[in-house]
Amino acid sequence: MTIKLASPAVRRLKTLAALTLFAAAAPASLGAQRQNAPGMTPSGPIIQAAGQSVEVLDPTFKAPDGHVFKAVYVIDRADTAGVNQQLTTIARFLNLHVRNGIPRERLHAAAVVHGTGWMSLLSDSAFGARYGGKANPSKRLVEELLANGVQLVFCGQTAAVRGVKREELLPGVQLAVSAMTAFNVFQAQGYQYNPW
């Protein structure tokens, strides 16, 4: 009896298919684990609209005394169905550090918005005009981030291409010449890119 083994190309395809299925299933299972973790709070103490976190007791890696956190995020995705998950990361950044003893005045966050992330910055009326009368699901979070000193800077190039007018943006959102401009300035000011 002869056993035929799959060719290397077929084995690679099978491995790729298995990895793709795993990756597709992973976000849902990881999200469920994150929400059910012991001590997990859905929001607060700074941002109430989002930003779940836990208190970590006696961490072995600690920020140096007096360390000032300056994080810049890139917001380049959104959808019309729910709160922008990239923006919730900024809420988590603030909440988890304060929950774990970092003074609020040592936390600084900014976001450069381009791609499809722009829809999260719209007023309810502007959002509704584009998306069937719906209210902007990210409005409360955007307003709370702005009220807590987070700089949200919209790419002027994206605004021009997408036909977004300044008066359609939520109050407090800044407009830059481009996302590249804003990102460069934030980095020159000591902000570190935080990819998650």
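The structure is a predicted model, in which local features need pLDDT of at least 70 and side-chain atom pairs count only at pLDDT 80 or more, while totals for chains, interfaces and linings use all residues. Residues are numbered from 1 along each chain as its sequence is written, and side-chain values use heavy atoms, with hydrogens and water left out.

The chain contains 6 helices and 5 strands (DSSP runs of H or I with at least four residues, and of E with at least two, numbered from the N terminus). Read from the N terminus, the elements follow the order α-β-α-β-α-α-β-α-β-α-β. Among contacts (heavy atoms within 4.5 Å) between residues at least 6 apart in sequence, 67% connect residues at least 24 apart.

A helix pair comes next. Two packed helices are described by the angle between their axes and the distance between the axes. Helix H2 (residues 85-99) and helix H4 (residues 139-147) have axes that come within 10 Å and cross at roughly 35 degrees (lines fitted to C-alpha atoms over the stretch in contact, with angles from 0 to 180 degrees between N-to-C directions). The crossing of H2 past H4 is left-handed (the near helix is turned anticlockwise from the far one by less than a right angle). On the H2 side, Leu87, Thr88, Ile90 and Ala91 meet Leu141, Val142 and Leu145 of H4. This contact has 6 nonpolar residues, 1 polar and no charged ones (Ala, Val, Leu, Ile, Met, Phe, Trp, Tyr, Cys and Pro are nonpolar, Asp, Glu, Lys and Arg charged, and the others, Gly among them, polar).

Turning to the rings, the structure has 4 aromatic pairs (ring centres of Phe, Tyr or Trp, the last by its six-membered ring, within 6.5 Å; planes under 30 degrees apart are stacked, over 60 edge-to-face and the rest tilted). One of them joins Tyr73 and Phe93, whose centres are 6.1 Å apart and whose planes stand at 70 degrees, so the pair is edge-to-face. Tyr73 belongs to strand E1 (residues 69-75) and Phe93 to helix H2, so the pair ties together parts 20 residues apart in sequence. Both Tyr73 and Phe93 are buried. Phe183 and Tyr193 also form an edge-to-face pair, at 5.5 Å centre to centre and 75 degrees between the planes. Here Phe183 sits in helix H6 (residues 179-188) and Tyr193 in strand E5 (residues 192-193), 10 residues apart. Tyr193 is partly exposed, with a relative accessible area of 42%.

Conventions
Buried < 20%, exposed > 50% of the residue type's maximum accessible area, 1.4 Å probe, protein only.
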